[in-house]
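I opened a new page for this protein. My plan was to go from the whole fold down to single residues.

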Amino acid sequence: AGIRSEAEAAGSRLPAPTAARLLGRAWDGLEGGKRIFDVRVSERVRVLNGEGAIVYAREPLRLRLDVFGPHSTPLLSLVQRGDSLAVRLHEQRRFVEGTSADPRFAELTEGRAFTGPELVGALLGAYDADRLLQGAADTLAWSAGGEWVVALLERNRAHRFTYAQADSSLRTYRQERGGRLAYRVRFSDYRAVAGRARPFRVELEDVGGRRTVRVDVRRETLDPDVDVEDDAFRLAPF
């Protein structure tokens, strides 16, 4: 109801097809590549500094994410092949494999979607628009304070994207569940990589502040013909 009220009160609305193109712009331009980044995870009184890498090819969709803590200790490995997902949490020695909608992935992070497609979208600065649009019952878009807001409404969840009108760059992603904000992602420090604007800082935050993840990209390579072996996109149980 809150999102619908905001959209109705907006002075400028965006047609749904235009909103879909805006939503899909970053994802459609991904092609393939690799990001190397530093990561800082703050959770209650614990702070962890590490590093990570994500390698991806969009057609067909394949990606691998690895995050390491101090002394190159493996923490998280995630592989996605189309709609199939596999996650290994090394410290807990937990392994889950299934479709991206499998509720066990949310259980891994106590219901916070810091694994799975939302995390991958955040780390790449691009979300799979087709997947989100297929799951949405309604799409709303409007103008607010020099930004475009695109909201995708599901039965008990909403995805909200905010874009700068000046350059159409993604600035925030918010996920709401049951009408309440669950978490948000902020994108900043955009830089040109192979002629494309890419966010070099990503900040994920629980609404309650219990967990925050900050990613600072060291370098990125965009390559539509990225050479990735199939074996690199498989995870085995412990």
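**Ground rules.** I am working with a predicted model, where local features need pLDDT of at least 70 and side-chain atom pairs count only at pLDDT 80 or more, while totals for chains, interfaces and linings use all residues. I number residues from 1 along each chain as its sequence is written, and side-chain values use heavy atoms, with hydrogens and water left out.

**Overall fold.** I looked up the secondary structure and found 5 helices and 13 strands. These are DSSP runs, numbered from the N terminus: helices are H or I with at least four residues, strands are E with at least two.

I then checked the size. The C-alpha atoms fill a box of roughly 55 × 40 × 30 Å along the principal axes.

Buried means under 20% relative accessible area, exposed means over 50%, and partly exposed lies in between (1.4 Å probe, protein chains only).

Next came contacts, meaning heavy atoms within 4.5 Å. Of those with a separation of 6 or more, 44% join residues 24 or more positions apart.

**Cores.** Which residues touch the most other members of the largest nonpolar core? I found L65, Y127, F161 and V185, in a core of 54 residues. Apart from that core lies another, of 9 residues, with A10, A151, L153 and A158 among them. A nonpolar core is a set of buried Ala, Val, Leu, Ile, Met, Phe, Trp, Tyr and Cys residues joined through side-chain atoms within 4.5 Å.

I followed F161 further. Beyond four places in sequence, its contacts include L23, Y127, W148 and Y173.

Is D206 buried or exposed? I count D206 as buried, because its relative accessibility is 2%. D206 sits in strand 12, residues 196-206. Its C-alpha atom is 6.4 Å from that of A182, 24 residues apart along the chain.

T139 belongs to strand 7, residues 138-144. I count T139 as partly exposed, because its relative accessibility is 23%. Leaving out residues up to four places away in sequence, T139 touches A19, L133, V150, A151 and L152. I also compared T139 with G2: they are 137 residues apart in sequence and 14 Å apart in space, C-alpha to C-alpha.
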